[in-house]
Amino acid sequence: MTDIATPTFAIVGHPNEGKSSVVSTLTENDRIRISSTPGETIRNERISLTVDGKAVVQFVDTPGFQNPSQTLRWFQQNSTGETNAIQEFIRQFASNPEFDHDCELLKPLLEGAGVLFVADGTRPIAQSDLAEMEILRLIGCPRMAVINVKSENQDRVAEWKTAFRKSFNAIRIFDACKADFQNRIELLEALKSIEQDWTPQLQQSIDALLKDRDRKRSRTVEILFEALEKSIVFSKSRLLSNESDIDRVKADLERDFSKDLKSIEQHSWESMLRLFGHTRLTVSLPDQSILSEDLFSEQTWQALGLTRKQLAIAAAGLGAGIGAGLDLAFGGIAFGVFTATAAAAGAGAAFFKGRELARLKVKRIPLGGYKVSVGPNQNEQFPYVLLDRAFLYYQHISTRAHARQETHQSLADESDKSGVCSQWRNEQRSLCAKVFRAIKDRKRESLESLRGPFSELLKESLIELEL
Ligand SMILES: Nc1nc2c(ncn2[C@@H]2O[C@H](COP(=O)(O)OP(=O)(O)OP(=O)(O)O)[C@@H](O)[C@H]2O)c(=O)[nH]1
Ligand SMILES: [Mg+2]
């Protein structure tokens, strides 16, 4: 049963204009049937915008008008105000297949639903559009026009606005495939203006949505934290009895080590994807995306994380003994102080390749045999690279409109490929360094005290990525 108080809107408009797409994006539901073949929706479908299992706004995706000119003529002759014209229309035409869709779309209006009239603002206005606008004006339901701009061409938008202004209380431009969270909130805000009685419920819905978004950010922070905790201390080892097996086991371990780290990253990405309600999207990123690069590729390590100087300053806050090394770092010897490996002290590219910085160790076991182990990753840069990749991924999915049909998408701002971490202030990067060190040294107490401010920093960054 539908809660009567739930504001309900019928989505009306020509076939293939993007009605189902608008509902999909507004309700963050990517399971709605969207198709380039006109006439995909032939029966009303009720789709709720749900927060915490409660429907806060309901949309009725309709097939649109089938016979607008005759329907208009009928309403012009019968909208006397004395009888319920919609009820009478449905009674007269219910069994006439020529008015099948018209009857279907008028049904929710009988229950007091408002109308969202969706039109593709890139095509010319047709006579049938004007007929449909006029039908809705005669019926007198609360109504808003939604101009869904299906391509870059905005030339006709002004024309549409003028036409709609004559018979609609509110007009919004809403790109179903590009709209982000803020655009959705703005559309709901605008709906408040078309019927004052719905204002309290719509305001409650907006508040619930804002709260829900904040909950999703908090959950994302937890997901990132879990991934960092696992990755920073991750190591692998294997016991063997014959010395002759050592080389083979070393190679296997090294391969498994990076494979497992990548799967920790993948797992956190999938959790974010599910959190944001993308069920159809299998993320296959285009070649130009840094996210399509391997976690340990040289390109990834050069594009993301901190610069050498930033790393040095961040690590300087970690405690005694580092200060002397810092001078060396700025003198050009770089990161010998942070990573004891020869590779790190060497040329830039070698330093930035994380794969080389997880040391392999072979230990003879007193009772016989050997223990080969790899990890944890010694590189101070590694957690920043992980974080930066997670941030880029978050930006990708948290702003993605659910109506989008392609599974490929490039990030808008990847041309300069600068990550979030390098844009933080010194003290913010130092906070990270402390958190990463506490994880590495398994210092639970200091980790717990750092967790609050670190979570805040992550959350602030997530908010900025959504803008
Ligand atoms: N590029 C782009 N394509 C869009 C946009 N909105 C809808 N489309 C595409 O237009 C086609 C029709 O979209 P639908 O949402 O199914 O349209 P509809 O009005 O529900 O269509 P029917 O149910 O057949 O009446 C699909 O191929 C959509 O992907 C948009 O804003 N931009
Ligand atoms: Mg449809």
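Strand 4 (residues 114-120) and strand 5 (residues 143-148) pair in the parallel sense over six bridges. Strands pair here if DSSP finds at least two bridges between them. Strands (E, at least two residues) and helices (H or I, at least four) are DSSP runs, numbered from the N terminus. In strand 5, asparagine 148 is the bridge partner of aspartate 120.

This is a predicted model: local features need pLDDT of at least 70, side-chain atom pairs count only at pLDDT 80 or more, and totals for chains, interfaces and linings use all residues. Residues are numbered from 1 along each chain as its sequence is written, and chains are lettered from A and ligands numbered from 1 in the order in which they are written.

Six strands form an open sheet in the order 2-3-1-4-5-6, with mixed pairing. Strand 2 (45-51) and strand 6 (170-173) are the edge strands, and each pairs on one side only.

Now the ligand. The shell around ligand 1 holds 22 residues; the closest are Gly18, Lys19, Ser20, Ser21 and Thr41. A residue is near a molecule if its C-beta atom, placed from the backbone, lies within 6 Å of it. Helix 1 (residues 19-26) gives the largest share of this shell, three residues.

The table sorts two groups by residue type.

The crossing of helix 8 and helix 15 is right-handed, that is, the near helix is turned clockwise from the far one by less than a right angle.
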